[in-house]
Amino acid sequence: MTAHQLSGIEYQRMISGELYLPSDPELTAARARARSLEFRFNHTPPEQAGERTAILRDLFGSTGDSIEIEPTLHVDYGLNIHIGNRFYANANCVMLDVAEIRIGDDTMLAPGVQLLTATHPVDPVARTSGRELGYPITIGRRVWLGGGVIVGPGVTIGNDVVVGSGAVVIKDLPDGVVAVGNPARVVRSI
């Protein structure tokens, strides 16, 4: 199953940043597929690195060459994740991909990084309706996200950026900066 094979109205709403119903049968099946691949990936022995890579290529929408992710990994769909060349993610990575996640070449994620495209309405009536929404995350080339960094919905991180451990990125970061804190703020240029 690829993102191109999902064509239902709820999927289209989901990837367009509109309110959608996650209980839609097509979306439920896509999440079940992701859970199965995620389980296989997370339980494949280290000496079977080639098998792990094959699972990732099946799970994600697209990948470059030389991608490596340490277990455990958690995704919503996997299909909306697009990763460049020479990518590395350390243990306990979470990528909630109800919207697209695009990651450039030579990017590294430290342990416990969370890329969260998913969100909920602020209005309590809309929030309890069962509908959700999400906004894409874009991460440039040669980026390093430190341990425990959280990137929120709709954020773009430029090229050559370093984000310090524990930062919460809720606004875009330009090229060539170091950012730290909660919320993340630029502390210097590189």
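Strands here are DSSP runs of E with at least two residues, and helices are runs of H or I with at least four, both numbered from the N terminus. This is a predicted model, where local features need pLDDT of at least 70, side-chain atom pairs count only at pLDDT 80 or more, and totals for chains, interfaces and linings use all residues. Residues are numbered from 1 along each chain as its sequence is written, and side-chain values use heavy atoms, with hydrogens and water left out.

**Exercise 1.** Find T107 and work out what surrounds it.

Step 1: look in the loop between β7 (101-103) and β8 (108-109), where T107 lies.

Step 2: check its exposure. Buried means under 20% relative accessible area, exposed over 50%, and partly exposed in between (1.4 Å probe, protein chains only). T107 has a relative accessible area of 0%, so T107 is buried.

Step 3: The T107 side chain reaches the backbone oxygen of G104 at 3.3 Å. A polar atom of that side chain also lies 3.4 Å from the backbone nitrogen of V143.

Step 4: list contacts, meaning heavy atoms within 4.5 Å. Leaving aside neighbours within four places in sequence, T107 is in contact with residues including F87, Y88, I139 and V143.

**Exercise 2.** Trace how β18 pairs with β16 and β19.

Step 1: know the rule: two strands pair if DSSP finds at least two bridges between them.

Step 2: take β16 (residues 162-163) and β18 (residues 177-180), which pair in the parallel sense over two bridges. V162 stands opposite V178.

Step 3: move on to β19 (residues 185-189), which pairs with β18 in the antiparallel sense over four bridges. Here V177 has S189 as its bridge partner.

Step 4: inspect the hairpin of β18 and β19. Four residues sit between the strands, and G181 takes a positive phi near 95 degrees.

Key. A polar contact is a pair of N or O atoms within 3.5 Å; within protein, one must be able to donate a hydrogen and the other to accept it, and residues adjacent in sequence count only if both atoms are side-chain atoms.
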